[in-house]
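Here is a short report on one protein chain. Keep the sequence and the 3D view open as you read.

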Amino acid sequence: MSEQVLLSFEKSVRGRRSEVLPVLDVPAITLPKELQRETAPMLPELCEVDVSRHYAQLANRTHGVNNGFYPLGSCTMKYNPALHEIAAGLEGFTNVHPLAPKGDVQGCYDLMDELQTALCEITGMDAFTLQPAAGAHGEFTGMLCIKAYHESRGDTKRTKILVPDSAHGTNPASAVMAGYEIINVSSREDGCVDIEHLKTLLSDEIAGIMLTNPNTLGLFEKDILLISELIHGAGGLLYYDGANLNAILGVARPGDMGFDVTHLNLHKTFATPHGGGGPGSGPVGVKSALIPFLPKVASCGEAGKLQVKGFHGNFSVLVKALCYIKTLGSDDLRGVGEHAVLNANYLLHQMKAQGFTPAKDTICMHEFVLTLEELKERIGVSALDVAKSLIDHGIHPPTMYFPMIVHEALMFEPTETESMETLDQAALVMGEILREAQNDPEAMHHTPHNAVIGRPDEVKAARNPILRYQPERA
Ligand SMILES: Cc1ncc(COP(=O)(O)O)c(C=O)c1O
């Protein structure tokens with residue numbers, strides 16, 4: 001497991017080939033001098049079997065939903081049915097060009113229409129754009145829609161967005177990118193928005209609030225209708241971060257709770273793969289008053305001020321999401337939400353039986369947060385140590401240190417696609433880790449023992465990512 005995998009560039013041997021190009025059946029042309037490269041591109045030169053082994057080696061070192069339990073809270077790492085890949089791979093979808101005349105690609109437009117209609121029905125919104133490429137991109141797009149709405153009314157004093165202290169980091173970041181100032185709203189002891197604090201923040205400078213419901217503690221914001229009334233009463237709008245829609249799918253709708261704008265993470269709730277940084281999809285839905293401010297596909301000839309992604313967004317992801325919605329139908333979509341919540345409560349119960357402490361000891365929605373504060377104080381074993389130990393047991397670590405209002409937080413989201421046996425096994429493993437920690441706390445700081453990379457410098461990796469092969473480093 002720990003032997004080093006060389007980069008494909010490092011395995012390259014000059015002149016080695018794997019491509020088999022068809023015989024040229026069009027006249028050869030020579031590019032004008034100014035379009036020609038001065039040096040040949042630096043590409044790895046490998047034969048087919050080496051390419052195949054290279055990627056198999058990388059895949060073997062990667063933990064995906066297909067390898068084992070992946071309870072990454074807030075990220076909804078559910079199983080992505082193989083059927084989606086077949087649908088997205090159909091020639092009629094893969095062999096089209098975004099600039100093809102509309103009449104020639106009616107199937108693709110029909111598909112997008114059908115998906116938009118389904119998303120409206122699921123969320124209670126009136127219209128959707130499918131352009132944004134991820135959740136955070138959707139948040140940014142939604143914030144621009146809110147800004148354009150206020151500006152169209154000459155309401156330019158509204159420069160502030162309210163964000164609860166439990167919010168995902170992308171929420172304040174997206175609002176700041178759209179030019180807003182962030183005002184933090186405190187959470188109450190029970191983990192929900194502190195209504196009394198919220199009331200003190202309302203003014204004619206508030207453009208809106210960003211909320212996710214269930215919130216990042218996995219708790220339903222029971223006062224959502226009151227929150228909506230207060231924000232609307234102050235002239236603001238409500239933005240719904242749809243990352244947690246999985247919990248209420250088919251049961252409750254953001255549009256009925258008073259939200260005006262929402263993004264959805266198709267790569268979470270609608271079972272399309274997350275990918276290593278993409279492609280994802282974060283469609284944005286709005287209530288009718290905001291429809292004029294949605295992005296348009298200007299590159300396809302539709303006039304519009306705002307376009308946030310080339311053409312129609314990540315089209316193949318849209319195919320997969322519609323496939324998921326149509327395969328399940330409305331009854332089974334509701335079953336997704338119900339089973340996601342049931343699984344989370346079952347796992348929470350089993351974790352408590354193993355000796356773990358929930359951040360909020362109550363019925364949860366689709367995810368829950370444990371706090372390992374007591375363990376850290378007593379024997380110095382942190383949430384990070386426990387999360388890293390899970391890797392040695394074939395389980396992906398849960399989300400760590402989020403939400404930030406919980407000390408030594410581990411956030412578990414089992415999703416609806418896990419069986420009772422998997423959940424039981426995960427709880428037993430966590431219990432085993434707890435006992436190991438109590439017997440030998442020092443050893444816990446060196447876990448995982450069986451991973452290629454155990455404890456990278458995460459700050460350095462985030463701040464200084466090296467994403468391209470740089471020969472001078474070799
Ligand atoms: C609550 C919440 N909001 C927003 C996002 C951002 O979504 P994406 O990763 O698709 O940009 C996430 C993703 O982890 C999330 O958990």
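## A helix to start with

How many residues does helix α6 have, and what does it reach from its first C-alpha to its last? Helix α6 covers residues 135-152 and has 18 residues. Its reach is 25 Å, close to the 26 Å expected at 1.5 Å a residue. Keep in mind that this is a predicted model.

After α6 comes glycine 154. The phi of glycine 154 is positive, near 75°.

## A helix for contrast

Now turn to helix α2, residues 48-60. It has 13 residues. From first C-alpha to last it reaches 18 Å, close to the 18 Å expected at 1.5 Å a residue. How many of its residues are buried? The count is zero, so α2 is hardly covered.

## Domains

The domain assignment divides the chain into domain 1 (8-60), domain 2 (84-325) and domain 3 (331-461). How many Å separate the centres of domain 1 and domain 2? Taken over C-alpha atoms, the separation is 40 Å.

Look next at valine 5. It is found in the segment before α1 (8-11). With 13 other C-beta atoms within 10 Å, valine 5 is partly exposed. The cut-offs explain why: a residue is buried at 20 or more such atoms and exposed at 12 or fewer. Which residues does valine 5 touch, not counting those up to four places away in sequence? They are Gln57 and Leu58. Valine 5 and histidine 54 are 49 residues apart in sequence, but 8.2 Å apart in space, C-alpha to C-alpha.

## Parallel strands

Strand β4 runs over residues 206-211. It is mostly covered: six of its six residues are buried. β4 pairs with strand β2 (residues 160-164) in the parallel sense, over three bridges. Here leucine 162 stands opposite isoleucine 209 in β4. β4 also pairs with strand β5 (residues 237-241), again parallel, over four bridges. There, leucine 211 stands opposite tyrosine 240 in β5.

Strand β2 is mostly covered too, with four of its five residues buried. Which sense does its pairing with strand β3 take, parallel or antiparallel? β2 and β3 (residues 181-185) run parallel, joined by five bridges. Lysine 160 stands opposite glutamate 181 in β3.

## An antiparallel sheet

Another sheet is open and has three strands, in the order β8-β10-β9. The pairing is antiparallel. Which strands are at the edges? They are β8 (368-371) and β9 (399-400), and each pairs on one side only.

β8 and strand β10 (residues 409-412) are paired over four bridges. Leucine 370 has leucine 410 in β10 as its bridge partner.

## The helix across the sheet

Helix α13 (residues 383-392) lies across β9 and β10. It runs at about 40° to β10. Why is α13 described as largely enclosed by the rest of the structure? Eight of its 10 residues are buried. Among them are Ala383, Val386 and Ala387. The buried list also includes Asp385 and Lys388.

What do these buried residues pack against? They pack against β9, β10, α14 (420-439) and α15 (441-444). Glycine 394 follows α13, and its phi is positive, near 75°.

## The nonpolar core

The largest nonpolar core has 103 residues. Those with the most contacts inside it are Cys145, Tyr239, Val261, Ala321, Val369 and Leu410. Which helix gives the largest share? It is α11 (residues 315-353), with 16 residues. Where does this core lie? Domain 2 (84-325) and domain 3 (331-461) both give residues to it, so the core lies between them.

Finish with leucine 410, one of the residues with the most contacts in the core. Leave aside its neighbours within four places in sequence. Leucine 410 is then in contact with Val369, Leu370, Leu372, Ala383, Val386, Ala387, Pro398 and Met400. Of these, Leu370 is the bridge partner of leucine 410, while Ala383, Val386 and Ala387 are buried residues of α13.

Key: Residues are numbered from 1 along each chain as its sequence is written. This is a predicted model: local features need pLDDT of at least 70, side-chain atom pairs count only at pLDDT 80 or more; totals for chains, interfaces and linings use all residues. A nonpolar core is a set of buried Ala, Val, Leu, Ile, Met, Phe, Trp, Tyr and Cys residues joined through C-beta atoms within 7 Å. Helices (H or I, at least four residues) and strands (E, at least two) are DSSP runs, numbered from the N terminus. Domain bounds come from an automatic or database domain assignment. Two residues are in contact if their C-beta atoms, placed from the backbone, lie within 7 Å. The expected span of a helix is 1.5 Å times one less than its number of residues. Two strands pair if DSSP finds at least two bridges between them. Axes are lines fitted to C-alpha atoms, for helices over the stretch in contact, and angles run from 0 to 180 degrees between N-to-C directions.
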